[in-house]
Amino acid sequence: MPIDWIKPGAGGIEVAGGAAFVDPSLPRPLAIVTHGHADHARSGHGRVIATPETLAIMEARYGPTPGWAVAYGETVEIGDVRATLYPAGHVLGSAQVLLERGGERVIVTGDFKRARDPTCRPFVPVACDVLITEATFGLPVFRHPPAAGEVAKVIERLAEAPERSVLIGAYALGKAQRVICHLREAGYDRPVYLHGAMEKLCALYEAHGVALGELRPATGAAAKEMAGHVVVAPPSALRDRWTRRLPDPVLAMASGWLQVRQRVRQNNIDLPLVISDHADWAELTQTIREVAPSEVWVTHGSEAGLLRWCELNQIRARALHMVGRTDEGEA
Amino acid sequence: MIADFARLLDRLIITRSRNEKLSLIARYLREADPQDRGWALAALGGSLDLPQLTSSVVRKMAAERVDEELLRLSREFVGDTAETVALIWPVQEGRAAAPLTLRGVVTALKEARRGDAPALLACWLDQCTAEERFALLKLALGNFRIGISERLAKTAFAEAFGVSLADVEEYWHASAPPHDDLFAWATGAGPAPDVSAAVRFRPFMLSLPVEGAPPDLRDFATEWKWDGIRVQLARAKGEARLYSRGGEDISDAFPEFTGAIPPGTALDGELLVADEDAPYRTASFSELQKRLGRKAPPRSLLEGSPAFIRVYDLLEHEGGDLRPHSWTERRSILEAFVQRLPRERFDLSPLVPATDAVMLEAMRRQPPAPAIEGVMLKRRDSPYMAGRISGLWYKWKRDPYTADCVLMYAQRGSGKRSSFYSDYTFGCWTEAGELVPVGKAYSGFTDEELVRLDKFVRGNITGRYGPVLEVRKELVLEVAFDSIGASPRHKSGLAMRFPRISRIRWDKPAAEADTVAALHSLILQTR
Ligand SMILES: [Zn+2]
Ligand SMILES: [Zn+2]
């Protein structure tokens with residue numbers, strides 16, 4: 001029997017006849033928001049159901065947000081639908097949403113990954129009938145290597161050229177803090193210089209117990225002081241006039257897309273770091289196997305690849321073609 | 001180990017700076033396994049000759065392990081077969097006991113019978129990381145287009161062992177992969193490779209620009225400077241080889257020269273295309289451009305754009321090295337020698353009939369043919385010496401052509417210029433009052449001018465096309481170029497040679513920039 005109480009549409013996933021929407025792209029009276037990235041968390045909703053961390057991130061970005069904080073594993077009722085949040089392993093506070101009604105179970109993963117991330121709770125597989133998943137990296141060419149090996153390249157490059165700095169382009173929410181944490185794990189204990197756009201969210205992560213070590217603003221720092229150091233900035237700043245203050249920076253970028261050399265060249269990157277906050281092909285297919293849904297709905301990404309895999313594995317699947325989900329920057 | 005070579009390849013593909021590429025290769029050549037490094041040098045320098053697999057064979061190999069539809073979708077996304085297969089190849093648990101070496105791979109591929117190569121390759125791919133798989137596939141597919149020229153490989157080799165580039169160039173073609181003799185010589189472990197029997201490239205003698213007044217014409221002979229490409233044609237026992245300015249073997253593109261000179265000869269001259277109706281029977285550079293980079297040119301092209309060499313020096317004659325002799329002696333042997341060569345393939349570069357500096361200056365400014373870019377001055381008593389040595393050879397170029405163009409698009413530069421919009425596309429006006437692009441320039445301006453240009457671009461953006469910014473059509477750039485030719489590939493129908501920005505005309509209204517028709521009339525003039 002087809003599930004009719006969940007309606008994916010261009011503006012988000014409608015739950016229980018419009019009582020609530022998951023990650024709506026337009027302002028709604030009641031929104032369930034999976035995580036703080038701008039393509040999922042928009043401002044202007046009447047009330048937001050989300051984890052306390054996600055609500056804090058939205059407040060930091062948009063100002064006061066009327067929220068309904070729900071911890072992982074906690075259930076709320078929206079009409080006759082029960083909604084429970086589970087960790088998605090994507091960024092701090094990121095959640096999957098389990099929606100239940102009359103014995104039917106639907107999981108909306110939001111963005112997720114299975115790779116280890118010291119800045120957030122790991123993904124929890126939850127059995128369901130319908131899995132609504134992303135497929136950002138839905139092709140078998142995507143295999144993200146362990147992050148430790150990628151940050152080791154940064155440390156190696158600093159040793160190779162101590163008169164230069166390594167400027168890492170990393171998305172301000174999630175990727176930046178994760179890269180810094182991995183650097184600390186690898187023993188990098190010098191101060192990390194931050195672009196101004198990073199400071200607020202780094203402070204927020206630290207307030208939530210994610211230790212990032214010594215951070216210093218890059219603005220106002222002398223070029224000489226930053227030689228031999230890591231500087232973290234949003235990817236958009238990598239080619240900006242802003243970089244002229246740095247000593248001949250090695251341009252690095254942390255993104256799952258950089259596994260493809262064409263992308264590295266297009267972006268003029270000197271040092272690609274294949275560090276992703278989205279599931280790679282193995283993680284996507286492993287997750288579908290584990291939660292064993294009878295049906296898979298694909299929200300966005302390389303749908304065709306994942307649909308083909310489902311077909312080969314005799315799992316019913318369809319693409320939702322959700323617009324406005326761009327994971328180009330954060331992936 | 002193949003792993004070191006794969007890592008080098010990966011860095012080389014990403015690195016844009018020539019200096020960084022040089023030091024990466026040099027470091028590899030110094031530190032890598034001596035069994036491997038010669039093959040790596042051969043692979044980078046283009047002297048490695050392996051029986052090659054086609055990309056359709058490689059695709060088929062992958063399709064035996066991965067669903068064909070997923071492979072197709074992936075190939076579409078990645079854009080390159082070797083890379084797609086390297087990434088998609090299913091990982092095998094546990095690696096083989098002995099790590100793969102480059103030498104092992106190359107020897108096995110060389111010895112394999114044609115049909116066996118795919119199975120061999122598949123077995124290696126099973127044991128490798130994605131980075132190594134990519135290197136293996138690039139080797140097997142034989143397409144090493146990673147921005148490394150033969151010259152760059154030679155330069156890196158010279159840098160690695162602190163030997164002179166001129167010596168490396170001299171010995172390079174006398175040494176076969178894996179170049180053990182070359183390494184032995186460079187590391188002081190052996191004698192220089194024997195160059196007597198092999199056809200080889202001799203490093204070019206180069207010129208410096210004339211600064212201020214030209215040198216005394218009593219000591220210097222004068223020739224025209226031709227707008228073609230500098231080549232060396234050399235023949236030992238076998239067929240003749242044609243080498244470009246960088247010492248690269250371009251014989252395949254110019255088969256007309258293979259048997260054209262006797263064994264034991266090496267000559268230096270300008271490669272040009274003949275046009276019996278043009279002044280000095282020389283066609284424009286765009287005719288020559290049709291021939292460059294065309295391996296195995298079709299008969300129609302060989303006949304339609306026949307190449308010849310305008311000879312100006314003789315380095316080896318009847319097996320004897322003429323380079324220690326003076327220019328005067330070499331020239332007199334050359335004059336007699338050219339007489340005996342087929343006229344449709346060779347002629348003698350004439351001397352300029354100037355008797356004093358004033359006359360020479362006039363001839364340089366107004367050369368008698370569009371294929372002449374100025375004059376050359378060569379010291380009469382000088383031997384032929386590799387490189388650019390002051391006091392011996394000079395070039396004195398004609399003033400460049402200029403045109404006033406309007407800045408249309410800008411793109412960021414690379415390396416140190418990556419935060420600047422430093423690559424400019426400019427256009428001229430059509431009859432209909434539209435601007436069409438006529439060229440691109442990245443140089444000619446000072447650092448201060450670059451800062452102002454960058455500021456103009458950022459303040460006048462009207463559109464974005466990926467990395468390209470469109471700007472308000474307001475700024476006039478005076479563009480200098482060496483020559484201009486017809487080009488059906490461009491919308492404007494023309495192509496400039498070596499365009500650079502000579503002045504920024506902050507003062508000039510865009511409406512007063514040049515027209516495309518005016519540029520076309522320059523082509524007519526230069527024909
Ligand atoms: Zn996200
Ligand atoms: Zn997203």
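Buried means under 20% relative accessible area, exposed over 50%, and partly exposed in between (1.4 Å probe, protein chains only). This model is predicted, so local features need pLDDT of at least 70 and side-chain atom pairs 80 or more, while totals for chains, interfaces and linings use all residues. Residues are numbered from 1 along each chain, chains are lettered from A in the order written, and side-chain values use heavy atoms, without hydrogens and water.

**Exercise 1.** Is Cys181(A) buried or exposed, and which cysteine sulfur is nearest to its own?

*Solution.* Start with accessibility: Cys181(A) has a value of 8%, so this residue counts as buried. Next, look for a partner: the nearest cysteine sulfur belongs to Cys202(A), 9.5 Å away, and Cys181(A) is in no disulfide (a pair of cysteine sulfur atoms within 2.5 Å).

**Exercise 2.** How many residues does each chain bring to the contact between chain A and chain B?

*Solution.* Taking contact as heavy atoms within 4.5 Å, count 32 residues from chain A and 31 residues from chain B. Now look for salt bridges (a side-chain nitrogen of Lys or Arg within 4 Å of a carboxyl oxygen of Asp or Glu): the interface has eight. Finally, pick out a pair: Arg261(A) and Glu83(B) form a salt bridge at 3.5 Å, N to O.
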